[in-house]
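Subject: Structure for your files

Hello,

Here is the structure I said I would pass on. My notes on what was found follow below.

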Amino acid sequence: MIVSMKRMTLVAHKDDEAAILNALQAIRAVEVISSGQDYVAQAALERAQARMQQLNDAMRSVKPFAKKKAFLATLKEAQAEELFDLLPKATALSERLSALNRELAATKSEIDKNETLINTLRPWSAFPADMQAYAASKRVKYFTGLIASSDVEKLEEIDATAEYQLFNEGVERTCVIACPIEEAKSVSNFLKSLAWADFAFPKMPGTPAEAMEELSEKNRTLTAKKVELEGAVCDAATGQDALVEGAYDAAVIERDRALAAAELERSDATFHLEGWFPADRQADVEKAVSKVTDAFYLDVREPEEDEVPPSVVENSAFVTPFEQVTNLYSRPDPKGIDATPYMAPFYVLLFGMMLSDTGYGIVLAILAALFIKLKKPTGMSGGFARVLFWGGISTIVWGALVGTIFGMDFDTLLGTNNLFPLFVDPMENPIGMLILCFGLGVLHILFGVVLKMKLAFSRGDWQSAIFDSLSWILIVLGLIAFAVPSAVPGIPAVIGTIGIVMAGLGAAMILLFKGRANKNPVMRTLSGLGELYQVTGYLSDILSYARLFALGIATGVIASVFNELCKMLMGSPILVLRILGILVACVLLVALHGFNIAINTLGAFVHCARLQYVEFYGKFYEPGGRAFRPLAYQTRHVRVTNQQTPNPE
Amino acid sequence: MDLQWGTIFAAAGAAMAAVMAGVGSAIGVGLAGQASAGVVSEDPDRFGSCLLLQLLPGTQGIYGLLIAFVIASKAGLLSGVSTLSATAGLSLFLAAIPIAFGGLLSAIAQGKVAVAGINLVAKKPEEQGKAMLMTVMVETYAVLSLLISFLLVNGVKIG
């Protein structure tokens with residue numbers, strides 16, 4: 001059911017602003033929308049965001065030292081105030097951690113730099129002179145560089161006045177050439193013809209060997225420092241994950257409040273808040289504000305024609321989880337209808353039919369129930385867990401109806417004589433099963449059309465209800481009735497006649513009235529003809545329900561294939577092999593059926609959703625609502641317990 | 001020696017169903033896997049949603065296996081005693097065609113949609129449902145192929 005939204009305007013003293021926003025955040029009922037731009041509030045928002053970022057970094061550095069959380073661990077609970085108390089300590093910790101991490105990074109890069117220097121100096125370790133002093137002569141020019149070993153022989157052709165010396169072996173050889181300063185140019189030109197690369201010694205005193213020793217010595221100290229720093233980070237971070245996560249959540253709460261504050265308009269003494277809230281929460285809003293102050297002005301009104309309120313729905317406990325399925329498609333238009341209550345029973349029905357194995361249904365329902373019980377999930381995962389639970393229950397029933405449990409026949413397992421399947425065996429009677437699927441499809445689709453008709457009536461548009469919706473119901477039912485006598489013996493032909501009359505009536509209504517906005521009779525009929533072509537659309541929609549059957553046998557046959565495989569393993573005539581086979585088969589059975597359940601549950605979930613979205617919602621649903629995002633506690637690690645109940649009673 | 005054409009055709013049909021649909025799924029899952037690895041390298045938290053999308057083109061291979069198994073058991077290939085008329089064997093072979101080709105091509109196409117879906121999830125994690133739905137749209141045709149193959153195999157009269 002769609003909840004109607006109210007538009008509020010609140011004016012109060014600036015001094016009470018923080019307290020009022022705080023109170024509104026606790027009741028989680030008001031979405032603040034923009035009424036102005038305020039640079040002071042912007043600055044506060046940026047500060048809040050920076051703090052969140054800082055704590056996020058801290059969270060990342062604490063994470064490697066935290067104990068791994070169990071998958072089923074529930075969220076901790078706390079009051080918002082308790083979280084805010086964590087902030088000073090966590091901020092100090094995050095500053096310390098970021099200082100340590102910065103120093104650690106600097107040390108590491110220093111070590112890397114020295115390491116690189118050592119590597120460049122290593123070929124020169126035989127060079128006997130001081131790196132800075134050897135080239136000091138004014139009369140002699142020194143060329144220092146690396147030469148490819150293939151070109152070393154060519155050095156013999158150098159000017160007679162020049163001398164060269166090599167210092168290592170290898171592909172690239174270190175080399176110093178000395179010549180009188182007057183010859184420098186010709187030697188330099190000569191070197192250009194060789195595979196020669198100039199080399200400059202780093203600005204370090206002593207011989208390369210001495211410098212390398214010094215650098216290694218430095219690196220030993222730095223490595224010790226690195227180890228020490230890592231120890232310090234480990235000490236500071238270990239066991240602090242709860243603190244940092246709690247503080248991060250506090251920072252998120254603060255940021256959300258700052259976001260809301262940035263939407264307010266302010267005068268010298270007052271602030272002005274515009275927002276949406278669900279109509280049934282008005283008392284809460286008034287109470288929250290009046291608890292803070294009695295100096296305020298609150299105006300509440302219905303949305304105007306051109307305003308689009310956020311879309312909020314409220315449903316029974318059974319239907320609520322299925323809202324998540326609808327949300328995957330799109331939220332309902334706030335002026336349309338909430339389709340979830342109509343969709344939920346069909347979802348359960350069709351889901352069970354696709355999985356259709358009692359054993360799998362039991363496993364799925366138990367797993368989903370355990371997950372809900374232990375993890376207490378909310379939001380999307382909570383919704384899906386409950387959807388799967390109901391799907392599992394429905395699967396149990398369908399499994400009995402078609403007679404399979406873990407891919408086996410119910411009869412074989414229970415020793416009953418042909419009691420199962422209770423309804424129809426898809427392997428023995430595939431056509432019967434197909435007809436059942438199509439029948440369900442027709443029901444589902446026509447239900448959608450009926451909903452569209454109802455919507456049109458409730459808007460007072462009876463023409464649309466009769467000519468656009470009722471006509472199609474007549475055509476679809478009429479055509480089916482027309483086909484029945486020829487397909488099933490024993491049905492009187494008069495049913496067929498009634499059917500064709502119904503279909504003809506529906507078609508005539510569409511032909512004559514589809515284009516009722518158009519005065520020109522030719523155009524009207526043409527538009528009606530176009531609409532009649534939709535009959536192919538209905539046909540393909542109905543055929544689409546064949547997937548119910550296909551996915552059903554996919555689950556069942558694959559399960560029996562797995563059973564068959566394991567039976568072969570256990571069937572060895574040699575005793576030892578047989579025992580071994582049974583052991584392997586037991587493990588394999590669990591794994592294979594687990595895999596089958598997982599992949600087919602995924603398949604059933606998405607194919608069922610598709611039937612709802614395309615075949616069902618396509619007939620009547622008006623999507624396009626935007627989500628309601630009230631000022632609330634959007635925390636990730638801790639469940640905030642301030643005033644949780646949405647309804648005070 | 002006499003060739004048992006019925007058995008040969010049936011075995012060829014079973015092999016074709018498993019191989020073609022399996023190859024399609026391998027290609028589709030492979031494509032999606034590469035895209036997933038790319039996304040996960042940027043954001044390891046996306047692993048779960050990417051894995052779901054990567055799995056989707058894998059179902060065709062399972063459908064192929066299913067039809068292969070149904071044909072094999074119907075033709076008596078698993079128990080080893082098999083006397084099948086050539087007509088029945090050839091019919092089983094033909095019955096494998098829908099899932100073989102439908103599976104092969106739809107798995108590849110689905111893999112491509114899954115890649116696009118994974119990229120969508122990388123940018124907008126909250127739209128995972130839509131990405132999955134788009135991918136499943138392709139699978140419809142594999143499901144229909146499976147159905148027809150199954151009905152045809154079921155309808156072949158043995159002996």
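What share of the 649 residues in chain A is buried? Buried residues come to 35% of chain A. Please keep in mind that this is a predicted model.

Overall form of chain A

Chain A has 19 helices and 17 strands. The radius of gyration of chain A is 39 Å, while the globule rule gives 26 Å for 649 residues, so chain A is more spread out than a compact globule. Along the principal axes, the C-alpha atoms of chain A fill a box of roughly 125 × 90 × 65 Å. If one takes the contacts in chain A between residues at least 6 apart in sequence, 78% of them join residues at least 24 apart.

Where chain A touches chain B

Chain A puts 20 residues into the contact and chain B puts in 21 residues. On the side of chain A that touches chain B, the elements giving two or more residues are α18 (546-570) and α19 (575-620) of chain A. The most comes from α18(A), with 10 residues. Sorted by class, that side of chain A has 16 nonpolar, 2 polar and 2 charged residues.

Both of these helices also pack against other helices of chain A, as described next.

α9(A) with α18(A)

Helix α9 (residues 340-355) of chain A and α18(A) have axes that come within 6 Å and cross at roughly 45 degrees. The two helices are therefore oblique to each other. From α9(A), the contact is made by A:Leu350, A:Met353, A:Met354 and A:Leu355, and from α18(A) by A:Leu548, A:Leu551, A:Gly552 and A:Thr555. Of these residues, 6 are nonpolar, 2 are polar and none is charged.

α13(A) with α19(A)

The axes of helix α13 (residues 430-458) of chain A and α19(A) come within 7 Å, crossing at roughly 20 degrees. That angle is under 35 degrees, which means that α13(A) is roughly parallel to α19(A). The crossing of α13(A) and α19(A) is right-handed. On the α13(A) side the residues are A:His444, A:Ile445, A:Gly448, A:Val449, A:Leu451, A:Lys452 and A:Leu455, and they meet A:Glu615, A:Phe616, A:Lys619 and A:Phe620 in α19(A). This contact has 6 nonpolar, 2 polar and 3 charged residues.

α10(A) with α11(A)

Helix α10 (residues 358-375) of chain A packs with helix α11 (residues 379-402) of chain A at an angle of about 160 degrees, and their axes are 7 Å apart. That makes the pair roughly antiparallel. Their crossing is left-handed. Among the residues that meet here are A:Gly359, A:Gly361, A:Ala365 and A:Phe371 in α10(A), and A:Arg386, A:Phe389, A:Gly391 and A:Gly392 in α11(A). The contact of α10(A) with α11(A) has 14 nonpolar, 7 polar and 1 charged residues by class.

One helix in chain B

In helix α4 (residues 86-95) of chain B, the buried residues are B:Ala88, B:Gly89, B:Ser91, B:Leu92, B:Phe93 and B:Ala95. What do the buried residues of α4(B) pack against? Their partners are α1 (5-42), α3 (59-74) and α6 (128-155) of chain B.

Regards

Technical notes: Residues numbered from 1 in each chain as written. Chains lettered and ligands numbered in written order. Predicted model: local features only at pLDDT ≥ 70, side-chain atom pairs only at ≥ 80, totals over all residues. Contact = placed C-beta atoms within 7 Å. Helix = DSSP H or I, 4+ residues; strand = E, 2+ residues; numbered from the N terminus. Nonpolar A, V, L, I, M, F, W, Y, C, P; charged D, E, K, R; others polar. Axes fitted to C-alpha atoms, helices over the stretch in contact; angles between N-to-C directions. Parallel < 35°, antiparallel > 145°, perpendicular 65-115°, else oblique. Buried ≥ 20, exposed ≤ 12 C-beta atoms within 10 Å, placed from the backbone. Left-handed = near helix turned anticlockwise from the far one by under 90°. Rg over C-alpha atoms; globule rule 2.2 N^0.38 Å.
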